[in-house]
Every structure is written in C-alpha cells, then in structure tokens.
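Dear colleague,

Please find below the structure that I am handing over to you, with its sequence. My notes on what was found in it follow directly after.

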Amino acid sequence: MTFSSSVKDPICVTTKPNYRPTGEIHVIIGPMFAGKTTALLRRVKLESNDGRNVVMIKSSKDTRYAVDAVVTHDGTKFPCWALPDLSSFKHRFGLDAYEKVDVIGIDEAQFFDDLYDFCCNAADLDGKTVIVAGLDGDYLRKSFGSVLDIIPLADTVTKLTARCELCNKRAFFTFRKTSETETELIGGADLYMPVCRQHYVNGQSVNEAAKMVLDFHKLPSSLILETTLVTP
Ligand SMILES: Nc1ncnc2c1ncn2[C@@H]1O[C@H](COP(=O)(O)OP(=O)(O)O)[C@@H](O)[C@H]1O
Ligand SMILES: Cc1cn([C@H]2C[C@H](O)[C@@H](COP(=O)(O)O)O2)c(=O)[nH]c1=O
C-alpha cells in the first residue's frame, strides 16, 4: 500500500496538519515545605527572563498568604490568577491573551480536578510549556487529587524533599498535627509538618492509640497532642 499526497485524495486535503510546535509538561512534587513553590517560581522567572510570556495560576481554595499571588512559605511572591478550576482559565484570561502565552505555571495542583485535560490540551494542542507544582500525597500518604495522573504526560518529574521537623533528616511526608480527617484542609505550619518515614510511622501509631483511648473514655479527639510525636 502506498501513501500519496495527491490533491485528488480528499483526506489529504482536509487533514492538512497544523505544524504548531507542541509544548512541554514539567511536574514538581513532594511534601509540604519541600520548596515546590520556590522551584516553580524559579523556573517561571527564568522563562520570563528569557523573554517568554508567562502566567501563573493557583487554586482559589488556598488563599492563605495572598488572594492574587503565589507565595512561598518564606515569603517570595509572584502575581497569579486564583481559580476554582482550570477549564475556565482560557475564557477568563481572554483567548487573545491565551494565544500569546508561552508558559503556564500551576501551583497547588492537587486542588484542580481538571488538571489532566488542561495540561494535555495546553501542551499537546496549544504548544504551551506547563510547569506544575503540587502535593503527590495527602496527610495519609494517599494520592492527592489528579497530580499523579499527569505523570504519564510529563517531560520531567522532580520529587523534592523537606527536612523532618523532629530529627532534621530528609522528610518525604506531610504529617497533620490535628485530628481533622477531611482530605482537603487548608493550612501551613499550624496544621502540618514535614517528617521522615520514622517519625511519620511513630506519629500515626501514637495518634491511633491516643484516639482509641479517647474514644474509650468518650473524650474529644482534639485532645491528641503533637508532643506525643517526639517519642523516638
Ligand atoms: N516547617 C516549616 N515551617 C515554615 N517554613 C518552612 C518550614 N520548613 C521549611 N520552611 C521554609 O519554606 C521554604 C519552602 O517553601 P515553599 O517553596 O512554599 O514550599 P512548598 O511549596 O513545597 O510547601 C523553605 O525554603 C523554608 O525556608
Ligand atoms: C497534606 C495536606 C495538605 N493540604 C493543604 C494544606 C495546604 O493548604 C496545601 C499544601 O500547600 P504547600 O504549598 O504544599 O505547602 O494543601 C490538604 O488540604 N490536605 C492534606 O492532606
């Protein structure tokens, strides 16, 4: 069978390819306080310094430090769009403005349910470079939102680590210091701390034992104390 480029062939005429260059997807994951937002801002600023047109998006669920800026835990800021979802971005931003954008940064990616479709379309069809930062796991070390779903789409994946707040070893996990059990709970060092594997396991088992005792005595689980974690 031969493939002909003859103009008589209606398929060849109607499916003339669009040669817009495809984009890229880079994913930055890790526990809280690992420097994900810092790394995202660094990469977006480098792109901007190279003359590329950049825009930053974060979830409107997390407005801890600012409504209209991505802010790291140590105070570095970058203006952004705070949105409830990604699918509304093109229209809110404006189609003409979107056309001119080269690089899209996304922070707090775990809160966007439509992350996969947005990244796929932006990179594959619209030729954008998408740089995504988010938590791969929640406080129970379960996959958080759609962050892990976009790994097969990614050009690069960077997993960062923090420092364990209890022993200063490398921290891979985020420990929730309170007894709330909902997956999404906005907060910073008031509610969470980065921990190594040993202190994560110690903390979870101390929490579970404390909960059983409190349940037995019909006391509120808010009495579980963070200090129990210090047990070696
Ligand atoms: N336990 C902590 N509490 C507050 N700030 C911290 C803590 N551990 C690290 N930091 C600071 O946070 C910075 C990383 O912030 P950020 O980039 O916002 O992290 P991430 O986005 O991964 O949560 C670190 O460079 C450090 O200065
Ligand atoms: C572990 C965990 C975190 N969250 C929230 C807490 C913060 O608002 C963000 C993470 O912010 P960071 O930039 O990575 O520091 O997510 C949550 O809702 N549920 C969790 O289990």
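Cysteine 119, in this predicted model, is in contact with Ile25, Ile106, Asp124, Val130, Val132, Ile150 and Leu153, once its neighbours within four places in sequence are left aside. Cys119 is also among the residues with the most contacts inside the largest nonpolar core, together with Ile57, Ile104, Ile106, Leu115, Phe118 and Val132. That core has 24 residues. At least two of its residues are supplied by each of strand S1 (24–29), strand S2 (54–59), strand S6 (103–107), helix H5 (115–125) and strand S7 (129–133). The largest share, 5 residues, comes from H5. Apart from this core lies another one of 13 residues, including Ala39, Leu40, Val103 and Ile131. As a general background, nonpolar side chains in soluble globular proteins tend to be buried together.

After H5 comes glycine 127, with a positive phi near 75°.

Glutamate 47 belongs to helix H2. Its relative accessibility is 17%, so Glu47 counts as buried, the limit being under 20%. Beyond its neighbours within four places in sequence, Glu47 is in contact with Arg52, Val54, Val103 and Thr129. Val103 is also one of the residues of the 13-residue core.

I turn next to the ligands. Which residues come nearest to ligand 1? Of the 13 residues around ligand 1, these are Lys36, Thr37, Thr38, His73 and Glu165. From the side chain of aspartate 74, an N or O atom is 3.1 Å from an oxygen atom of ligand 1. Taken alone, ligand 1 exposes 590 Å², of which the protein buries 70%.

Ligand 2 is surrounded by 20 residues, and the closest are His73, Glu108, Tyr139, Thr183 and Leu185. Side chains provide the following polar approaches to its oxygen atoms. For histidine 73, a polar side-chain atom lies 2.7 Å from an oxygen atom of ligand 2. For lysine 36, an N or O atom of the side chain is 2.9 Å from an oxygen atom of ligand 2. For arginine 64, the distance from a polar side-chain atom to an oxygen atom of ligand 2 is 3.1 Å. Taken alone, ligand 2 exposes 490 Å², and the protein buries 98% of that. His73 is listed among the nearest residues of ligand 1 and among the closest residues of ligand 2.

Most residues other than glycine have a negative phi. Phenylalanine 33, although not a glycine, has a positive phi of about 70°. Phe33 is placed in the loop between S1 and helix H2 (36–49), and counts as partly exposed at 25% relative accessibility. Glutamate 108, also not a glycine, has a positive phi of about 55°. Glu108 sits in the loop between S6 and H5. Is Glu108 buried or exposed? Glu108 is buried, because its relative accessible area is 15% and the limit for this class is under 20%.

Finally, one position carries an annotation. The unreviewed UniProt entry gives a "binding site" that covers Tyr192. Tyr192 is found in strand S12 (residues 192–195) and is buried, with a relative accessible area of 6%. Its side chain makes a polar contact of 3.0 Å with the side chain of arginine 176. Neighbours within four places in sequence aside, Tyr192 is in contact with Met32, Phe33, Tyr139, Thr174, Phe175, Arg176, Lys177, Leu185 and Gly187.

With kind regards

Conventions:
Residues are numbered from 1 along each chain as its sequence is written. Chains are lettered from A and ligands numbered from 1 in the order in which they are written. This is a predicted model: local features need pLDDT of at least 70, side-chain atom pairs count only at pLDDT 80 or more; totals for chains, interfaces and linings use all residues. Side-chain values use heavy atoms; hydrogens and water are left out. UniProt positions are given in the numbering used here, feature names are shortened, and annotations may be inferred rather than shown by experiment. Helices (H or I, at least four residues) and strands (E, at least two) are DSSP runs, numbered from the N terminus. Buried means under 20% relative accessible area, exposed over 50%, partly exposed in between (1.4 Å probe, protein chains only). Contact means heavy atoms within 4.5 Å. A polar contact is a pair of N or O atoms within 3.5 Å; within protein, one must be able to donate a hydrogen and the other to accept it, and residues adjacent in sequence count only if both atoms are side-chain atoms. A residue is near a molecule or strand if one of its heavy atoms lies within 4 Å of it. Accessible areas come from the Shrake-Rupley method with a 1.4 Å probe; for residues, only the protein chains shown count as cover. A nonpolar core is a set of buried Ala, Val, Leu, Ile, Met, Phe, Trp, Tyr and Cys residues joined through side-chain atoms within 4.5 Å.
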